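This report covers domains, helix packing, the chain interface and a few backbone details. The sequence and structure come next.

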Amino acid sequence: MDFEDAPQEAAYRQKARNWLAEHAPSHAAPAGGAEPEEAMMRRARLWQKAKSKAGYTGITWPADVGGQGGAPIEKLIFEQEEAQYRVFTIPFQVGMGMCLPTIIATTPPELARNFVEPALRGDEIWCQLFSEPGAGSDLAGVRTRAVRDGSDWVVNGQKVWTSYANHADYGLLLLRTDPGMPKHKGLTMFFVDMRSAGIEVRPIRSMTGHADFNEVFLTDLRIPDSQRLGEIGAGWRVALTTLMHERLAIGRDPDAPGAEELIALARSLPSGTEGGTMLQDSAVHAAIARFYINDAGLDFLRMRAQTAISAGRAPGPEASIGKLVMAKTRQDIGAYAMDLMEGGGVLDGAGGALLAAFRYHYMFSAGLRIAGGTDEVLRNIIAERVLGLPGDARSDREKPFNTLDA
Amino acid sequence: MNFDFSDEQQALRDQARKLFADGRLRARRMVETERPFDRDLWRDAIGLGCTGAAIAEDLGGVGLGPLELCVIAEEAGRTLAPIPFASSVLHASEAIKLGGGEAAATWLPQLAEGAVIGTVAFAEGAGSWDRMPEASVIDGCLTGAKQPVADPCADIAVVSARAPEDGAGFGWFVVDLRQQAVQCETLPALDAVRRHGRLHFASAPAIRLGAPGTGAAMAERLMDAAAIYTAFEQIGGAEAQLARCVAYAGTRRAFGAQIGSFQGVKHRLADMYVKIELARGHALYGAWALSTEARELKLAAAGARLSATEAFSFAAEEAIELHGGIGFTWEDDCHLYYRRARSLAMIFGNAARWSQRLVNALAAKAHGNPDKECVDGF
């Protein structure tokens, strides 16, 4: 057992480190103060372009679509090293992580290349138009309708919770093409130019106060059949390949406060005894230990996944645990940190920067527990796909979609 | 990155799993008898090299290390194999290895070949971790009482006690239990499979283990090692209960469906799985720290201890709940795991003690002790 890179991996890491040390600092977030959104987006695009020039994008994708044809361990190593810098990559994550892998899986390489390359270069951003007001966890219940009209499809409906729809050039779009079929069988996947007539994007302000995502209204939108991905009626299967990629992204947010920050906070708070601090309280120890167990436990799961990837195996079921544990732990530790302050924690300015971070993640984690699969959906995935338990009892699976109660 | 057991260690796991395959049936037999342990299974375990696995070859052992012990511990824990493996191999032999010297030269060869069974006698009732032992050694002879002691039927015990030369501290001693001056009693205990009891010493000859006055440091080290080995036992037990629950939830029907299709059931099993996998990561980290004598050992041991205790307790408790009334019967094996889970949670220090140890280790790390490199980059 060891934590060393294999010689080839060490060489790749060193090369990536050297390159990052030279280039990443000039693309990192400016110190202190809020950065305007446009500046952040520009920073993200420039960073993506710089990485692309140096061969650090599409690391595992085949060369014939514009990727590097590298090994999964190289991608992992680069991401680990990149995470040491405060560069902004999130606007490209939906495209790199989900949309483009779906394009690559469903499109001949010479066509896929036309979309992969501009995205890798940072010129084009992708979003994922899956969820609807009436279809979240039950994604196969999407109602947005696509009706065939000659060589086009005409689309009407509404998508929601779409991150970066307001900046995106393209979107991956899951639509109902045959309401007479059972729900999973009447769906088809498309991609769409987000500047097409008939698309209206409206930002939604989340409970954090920021516009974290959008709702997207589709009215008489025309999509050529050439933008269909996979067979008509095969949309659910295509969507599952997209979502499988989503589950593998289990990075740790390096800015999120954890057990060590909670120790610092507890040490700064006086207890009832003369000269004592909250850090001497056994109940506080138990809480800190509980949060450490979860966060460090996820670190170790990632190390196990890296071991598998390094050996050329697919990461095991550990990949499905990450977000489930991480999001709830952020919420619990945030609540606990504020609780230590008692009434003093009520004001926004209380506790300085340390408590502000706990407070922010307490708010944000409420959404994180829903995004990309709710806690309940993730537990179902673990129970059914990892443990092999039977699926939920469902009354809607075999019936034509248009006969179901809304 | 190689954060897993090696292929050779996995092959050892397969052998151990075969060896302990009918452990649960054998454990069940222990419930209805007064026998100290299953002699046939113990003989087979000795034959496979379990007792000498981590003892040096020149002392008659196999010359492997802590990682191999972790693998065997997990498999023994899986079926509650009724043998004194934990007491003799994981605790007594490891303690004697730490102390070295004459005691090691005398006893390790005999422990390796399974000629003697060892145990560790530290506790003197509740609260023993916070005070000096009352057992005392005068002119090389031990007097006092120790309880609870696991596998009190052992042949030798590693005992904490105070001698004049220990000054304000205490020391460790090895005592042959097969003599008039020692009385071994088995007492009714929570664990229905592994025996616990009391040892009485009335001026029994004792060989010193380690230097005078170093008992506390050795106890700390022993506690960390025991926490990690126990974590593997706990994970094995927890996995066994999870597997049983999954099988039952796929068979048992209620309300016209397999009960495993209900989210109230399947989500709890998912939680069981999550706790086990988190504990496995901590236990692996502990195994690494133990095998490399890493300075992260304290933190790793506390993480392994707490996470594995949580995983096994949860699995053992929820397994009874999931099996319904049948799980509450004497006849069913659920309570054997339930008893083992709680018993392991208490021995070697409770959750409050280990939480404090964890926070101390974590706070020391945050205070400029640069322990972080191996976890960084994630």
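Helices and strands are DSSP runs, of at least four residues (H or I) for helices and at least two (E) for strands, numbered from the N terminus. In those terms B:Pro148 belongs to strand 3 (residues 141–150) of chain B. The model is a predicted one.

**Backbone details**

The peptide bond between B:Gln147 and B:Pro148 is cis, with omega at about -5 degrees. In the loop between strand 3 and strand 4 (156–161) of chain B lies B:Asp151. Its phi is positive, near 50 degrees, although the residue is not glycine. B:Asp151 counts as buried because it has 26 C-beta neighbours inside 10 Å, and the threshold for that class is 20 or more.

Chain A has a residue of this kind in A:Tyr164, where phi is near 60 degrees, again a positive value in a residue other than glycine. A:Tyr164 sits in the loop between strand 3 (152–162) and strand 4 (170–176) of chain A. Is A:Tyr164 buried or exposed? A:Tyr164 is classed as buried because 24 C-beta neighbours lie inside 10 Å.

A:Arg113, in helix 5 (residues 109–120) of chain A, falls in another class. It counts as partly exposed because it has 18 C-beta neighbours inside 10 Å; that class lies between the limits of 12 or fewer for exposed and 20 or more for buried. The C-alpha atom of A:Arg113 is 7.4 Å from that of A:Asp64, a residue 49 places away along the chain. Setting aside neighbours within four places in sequence, A:Arg113 is in contact with A:Val65 and A:Gly66.

**Domains**

For chain B the assignment gives domain 1 (7–116), domain 2 (119–212) and domain 3 (216–374). Between the centres of domain 1 and domain 3 of chain B, taken over C-alpha atoms, there are 21 Å. Contact between these two domains involves 23 residues of domain 1 of chain B and 20 residues of domain 3 of chain B. On the domain 1 side, helix 2 (23–31), helix 4 (66–79) and helix 5 (85–99) of chain B are the elements that give two or more residues. Helix 4 of chain B has the largest share, with 11 residues. By class, this side of domain 1 of chain B holds 12 nonpolar, five polar and six charged residues.

**Helix packing**

| Helix pair | Axis separation | Crossing angle |
|---|---|---|
| Helix 1 (residues 7–23) and helix 3 (residues 72–82) of chain A | within 10 Å | roughly 35 degrees |
| Helix 9 (residues 297–323) and helix 11 (residues 351–366) of chain B | 9 Å | about 145 degrees |

The crossing of helix 1 with helix 3 of chain A is right-handed. From helix 1 of chain A the contact includes A:Tyr12, A:Ala16 and A:Leu20, and from helix 3 of chain A it includes A:Ile73, A:Ile77 and A:Phe78. By class, the contact has six nonpolar, no polar and six charged residues.

Helix 9 of chain B crosses helix 11 of chain B in the left-handed sense. Among the residues that meet are B:Leu299, B:Ala302 and B:Leu306 in helix 9 of chain B, and B:Trp354, B:Leu358 and B:Leu362 in helix 11 of chain B. The contact comprises eight nonpolar, three polar and four charged residues.

Helix 10 (residues 352–368) of chain A has 17 residues and spans 24 Å from its first C-alpha to its last, close to the 24 Å expected. Which residues of helix 10 of chain A are buried? They are A:Leu355, A:Phe358, A:Arg359, A:His361, A:Tyr362, A:Phe364 and A:Ser365. An α-helix has 3.6 residues a turn, so residues three or four places apart point the same way. The cover over the buried residues of helix 10 of chain A includes helix 7 and helix 9 of chain A.

**The interface between the chains**

How many residues of chain A are in contact with chain B? There are 45, and they are in contact with 44 residues of chain B. On the chain A side, two or more residues each come from helix 7 (259–268), helix 8 (282–310), helix 9 (322–340) and helix 11 (375–386) of chain A. The largest share, 19 residues, comes from helix 8 of chain A. The chain A side divides into 23 nonpolar, 11 polar and 11 charged residues.

How values were computed:
Residues are numbered from 1 along each chain as its sequence is written. Chains are lettered from A and ligands numbered from 1 in the order in which they are written. This is a predicted model: local features need pLDDT of at least 70, side-chain atom pairs count only at pLDDT 80 or more; totals for chains, interfaces and linings use all residues. Axes are lines fitted to C-alpha atoms, for helices over the stretch in contact, and angles run from 0 to 180 degrees between N-to-C directions. A crossing is left-handed if the near helix is turned anticlockwise from the far one by less than a right angle, and right-handed if clockwise. Two residues are in contact if their C-beta atoms, placed from the backbone, lie within 7 Å. Ala, Val, Leu, Ile, Met, Phe, Trp, Tyr, Cys and Pro count as nonpolar, Asp, Glu, Lys and Arg as charged, and the others, Gly among them, as polar. Domain bounds come from an automatic or database domain assignment. The expected span of a helix is 1.5 Å times one less than its number of residues.
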